[in-house]
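Please read it with the coordinates open.

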Amino acid sequence: MTHKEYDIIIMGGGPSGSILGALLTKKSNLKVAIFEEDEFPREKIGESFAHPIIPILEECGVLQKVLDSGCWIKKFGGIFDWDNKTPKTTFFDMLNYVEDGVHRWAIHTDRAEFDKILLDHAQSSGVDVFEKNKIEQYRYENNIGTVTLESGQVVNCKIFVDASGRRNTVIPTTRKSYLSEYKNLAVWNHFVGGKPAQTLDGDWNIFNKNNQSPVACFAFEHGWIWYIPIPKMINNERTIVYSLGIITDPKLIKTLNKDLKDPEQFFDFIKTVPRLKDLIKDAKPVNDEVKVLSNYSMIQEKFCDFDEGWIMVGDSAYFVDPLFSSGVAFAGGMASTASLLIRSTLDDKNLTDEMKKDVWHDYDEEWHKIAHSFALSIDQWYHAIAKSNPQSIFWNKRNVLTSDLGIKDETFHALVDTALNQDLLTLLTSGSFKKEDLDTDGRFLKRLSELNRSEPSPSDIVSLDKNVYIRDGFSIDVPGFKASIPPMEIPEELKKVIATYWKDPIKNADAAPSGIEHLIPCSRFTKTGLDKNKEVRFVDQRTGGKALFDLLKQQPVLYSELIDKISMTQLTLLKNLILEGMVNVQKESLIEIK
């Protein structure tokens, strides 16, 4: 071993760990090590990505290496056939593609090759990489993290990062819970002889004209199926194989008396699915091994702890249903924001401990909002599929679950602060991009309507609590995806540079600003003795929070008069202040959120 002490030790060499390691060594002089229990290359599921991963790969310096390899196919969006009528389709970032005509894109990839490219890049960037080195324990005492390896060797660090995936077990103070009530099972195999999804007939197929590859998903009576093209090396030749996987209910499979681990039964189970059967009629399995993985959406109670010196990134923090190929993009996004969090903590001498704790808190809180918002979006989608499959035990069970209105603070704040995923919104609204066109019985809109019932009536009096004040500091931009257009209004010039970036993310790498270079100045509504979790953060340039404060502190005001004076972003901020009790509403009956 090269060192017995590092600034940062990362447990796990998958995408989130490798990206974080590469970013840290690229943007700082910190000493970084990755400990990975496996030896790469190793097989891995999650072979199709969402487009935010591309700028992340560019920023950490590995995108060109990926593109120079043969392990990927350019991906333009998705086909989602959930009712056997007209499939829903979308290009990535469809709303902005319609406006500027520039495709955002991602990749389908052989994860064994892709992950090895990333880990090798981290090592060539200056990270000490130790494969086949399992971490057994982490503890933190006297501002020093101590990592114990399976071999018994002990290594120290200033910050420990858990990037180990779903099976993380070494941080003793963590607690995991379900992010969704759906308990799914993933079963998959690789096939040769399939046809590209963009060749499916129909005027609906927006990918056909220019032979642009999508991910394809097909709902059927017992779940849904993914269909992904992957260039794999078979007998030393680059061959297009198709990853074909089922998301289903393990209890349902038992009642059907099916052994999906058997290749023939697996294939028989899906080969009659409309449209999919046209793509796989000549397909044959690459091998006889059918793989199975529990696919429960889970989330950790905390994603980081300043006082215990640890941070989680990627699946170790949370993982959601794979319907929208979001896992690696979220993992990369967490890694990129964690890199700024770590650099600021260890290198920025101008930050006080309180400022550092603010930034750690924001990383934790904002990524929780992303997770909850996206999970609700997926639940909304499942509700729509269930309505189109009334005879299905699988889908009807999910339709019942989506009516569960268990209220949690983080869910409400996710709905207040986070827009519904734009690509999913495109599909659910058949291209109108309007939330009001969503099914009102779906879980997302039910939660949103519950929240809106707490909004004041026009005749209510609104006033700022007398103890509320604003304190200034810094924060971290979450999710901080470079070259993405947020749901808020941004200058047209910035939209143009983002479009330029996507024409060639390597050539035009400097065209779009990065969200992970520096902390952002921010302010917080707070009051004496208030728990940090109840403070309301805002970036004044984006929200006009200080102007709202000035309006509210003058005197109590009619809500009908106030909303005529404030913007939509200020209204979002106002809702958060009401939720946290920093803005009082005088009315005869106010629905309390508990």
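1. Contacts and overall make-up. Of the contacts in the protein with a separation of 6 or more, 76% are between residues 24 or more positions apart, a contact being heavy atoms within 4.5 Å. The protein has 594 residues, of which 56% are buried, where buried means under 20% relative accessible area, exposed over 50% and partly exposed in between, with a 1.4 Å probe and protein chains only. There are 19 helices and 26 strands, taken as DSSP runs (H or I of at least four residues for helices, E of at least two for strands) and numbered from the N terminus.

2. Basis of the values. This is a predicted model, in which local features need pLDDT of at least 70 and side-chain atom pairs count only at pLDDT 80 or more, while totals for chains, interfaces and linings use all residues. Residues are numbered from 1 along each chain as its sequence is written, and side-chain values use heavy atoms, with hydrogens and water left out.

3. Cysteines. The structure holds zero disulfides, a disulfide being a pair of cysteine sulfur atoms within 2.5 Å. Cysteine 60 counts as buried because its relative accessibility is 3%, and cysteine 522 counts as buried because its relative accessibility is 4%.

4. The second largest cavity. A search of the whole structure finds three cavities of 30 Å³ or more; on a 1 Å grid over the protein atoms alone, a cavity is a set of points where a 1.4 Å probe fits but cannot get out, and lining residues have an atom within 4 Å of a point. By class, the lining of the second largest cavity has nine nonpolar residues, no polar ones and one charged residue; Ala, Val, Leu, Ile, Met, Phe, Trp, Tyr, Cys and Pro count as nonpolar, Asp, Glu, Lys and Arg as charged, and the others, Gly among them, as polar.

5. Phenylalanine 80. Phenylalanine 80 and isoleucine 225 are 145 residues apart in sequence, yet 9.9 Å apart in space, C-alpha to C-alpha.

6. Isoleucine 228. Isoleucine 228 is found in strand S13 and is buried, with a relative accessible area of 6%. Leaving aside residues up to four places away in sequence, isoleucine 228 touches Glu47, Ser48, His108, Val215, Val241, Tyr242 and Ser243. For the pair isoleucine 228 and valine 215, the sequence separation is 13 residues and the C-alpha to C-alpha distance is 5.6 Å.

7. Helix H7. Which residues of helix H7 (residues 263–270) are buried? They are Phe266, Phe267, Phe269 and Ile270. Seen down the axis of H7, these buried residues fall within an arc of 155 degrees, so they line one face of the helix; the arc is that of the directions from the helix axis to the C-beta atoms. Their cover includes strand S11 (185–192), S12, strand S13 (223–234), strand S14 (237–248), helix H6 (250–256) and helix H8 (276–280).

8. Cis peptide bonds. A cis peptide bond joins phenylalanine 40 and proline 41, with omega about 0 degrees, and proline 41 lies in the loop between strand S2 (32–36) and helix H2 (53–59). A cis peptide bond also joins valine 478 and proline 479, with omega about 5 degrees, and proline 479 lies in the loop between strand S22 (468–475) and helix H15 (492–503).

9. Alanine 483, in the loop between S22 and H15, has a positive phi of about 65 degrees although it is not a glycine, and counts as buried because its relative accessibility is 6%. Lysine 132, in the loop between strand S6 (128–131) and strand S7 (135–141), has a phi near 55 degrees, a positive value in a residue other than glycine, and counts as exposed because its relative accessibility is 59%.

Notes: On a 1 Å grid over the protein atoms alone, a cavity is a set of points where a 1.4 Å probe fits but cannot get out, and a pocket is an open set with protein on both sides within 12 Å along at least five of seven lines; lining residues have an atom within 4 Å of a point. Grid points are joined across faces, edges and corners, and a volume is the space filled by probe spheres set on the points.
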